[in-house]
Amino acid sequence: MSETKEMLEATCKGLQDKIGQLNMDLKSKQQELEDANKPVISSKVMDVINDAVNEAIEGYNFDNTDQYELDYSLDYDGRVQAETINLRDTYELMEAIVLKIEKQFKVESDNSELNTQTVAEKII
């Protein structure tokens with residue numbers, strides 16, 4: 001009787017290990033599927049982008065108080081404090097980052113839509 005129990009326990013352990021491996025394989029394949037249509041860039045290009053973002057953020061003027069929305073509150077001691085500080089106009093920061101990145105690369109326009117139109121005009 002104990003041999004049967006041991007065999008069943010071993011079988012259960014083996015199946016649990018297999019399920020664990022299959023779950024890891026599933027996650028790996030799901031990530032591959034998610035990444036399938038993403039453009040590929042090298043780590044060198046990613047470093048250039050990271051450096052450009054860092055430079056843009058470091059060079060951005062965060063001292064302009066007109067860009068912030070402040071919510072004030074009273075603390076337990078009766079002192080006024082800034083409860084939340086929100087950057088109102090994120091467009092300027094985003095634009096500074098994008099421009100810094102664009103300066104690092106030769107950006108070519110995607111003419112696929114234009115080419116499709118040209119081919120259609122030739123057919124007509």
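This is a predicted model: local features need pLDDT of at least 70, side-chain atom pairs count only at pLDDT 80 or more; totals for chains, interfaces and linings use all residues.

Visitor: What makes up the pattern of the protein, read along the sequence?

Guide: The pattern is α-α-β-β-α-α, with four helices and two strands. Helices (H or I, at least four residues) and strands (E, at least two) are DSSP runs, numbered from the N terminus.

Visitor: Why is Gln 67 called buried?

Guide: Buried means under 20% relative accessible area, exposed over 50%, and partly exposed in between (1.4 Å probe, protein chains only). Gln 67 has a relative accessible area of 7%, and therefore counts as buried. Buried residues make up 7% of the 124 residues in the protein.

Visitor: Where is Gln 67 found, and which residues does Gln 67 touch beyond those up to four places away in sequence?

Guide: Gln 67 lies in the loop between helix H2 (43-59) and strand S1 (68-74). Residues in contact with Gln 67 include Tyr 60, Asn 61, Leu 87 and Glu 92, where contact means heavy atoms within 4.5 Å.

Visitor: What makes the pairing of the Gln 67 and Tyr 60 side chains a polar contact?

Guide: A polar contact is a pair of N or O atoms within 3.5 Å; within protein, one must be able to donate a hydrogen and the other to accept it, and residues adjacent in sequence count only if both atoms are side-chain atoms. The two side chains make such a contact at 3.1 Å.

Visitor: Why is Asn 86 called partly exposed?

Guide: Asn 86 has 37% relative accessibility, and so it counts as partly exposed. Asn 86 belongs to strand S2 (residues 80-87). Asn 86 and Gln 67 are 19 residues apart in sequence, with a C-alpha to C-alpha distance of 8.4 Å. Leaving aside neighbours within four places in sequence, Asn 86 is in contact with Gln 67, Tyr 68 and Glu 69.

Visitor: How do you know that Lys 13 forms a salt bridge with Asp 17?

Guide: A salt bridge is a side-chain nitrogen of Lys or Arg within 4 Å of a carboxyl oxygen of Asp or Glu. For Lys 13 and Asp 17, the closest N and O atoms are 3.2 Å apart, and the pair forms a salt bridge. Because they are four residues apart in helix H1 (residues 2-35), about one helical turn separates Lys 13 and Asp 17. Lys 13 has a relative accessible area of 48% and is partly exposed; Asp 17, at 44%, is partly exposed too.

Visitor: How many salt bridges does the structure hold, and what distance separates the N and O atoms for Lys 100 and Glu 55?

Guide: The structure holds seven salt bridges. Lys 100 and Glu 55 meet in one at 3.6 Å, N to O. This pair links distant parts of the chain, with Lys 100 in helix H3 (residues 90-102) and Glu 55 in helix H2, 45 residues apart. Salt bridges that share partners also join Glu 34, Asp 35 and Lys 38 into one network.

Note on methods:
Residues are numbered from 1 along each chain as its sequence is written. Side-chain values use heavy atoms; hydrogens and water are left out.
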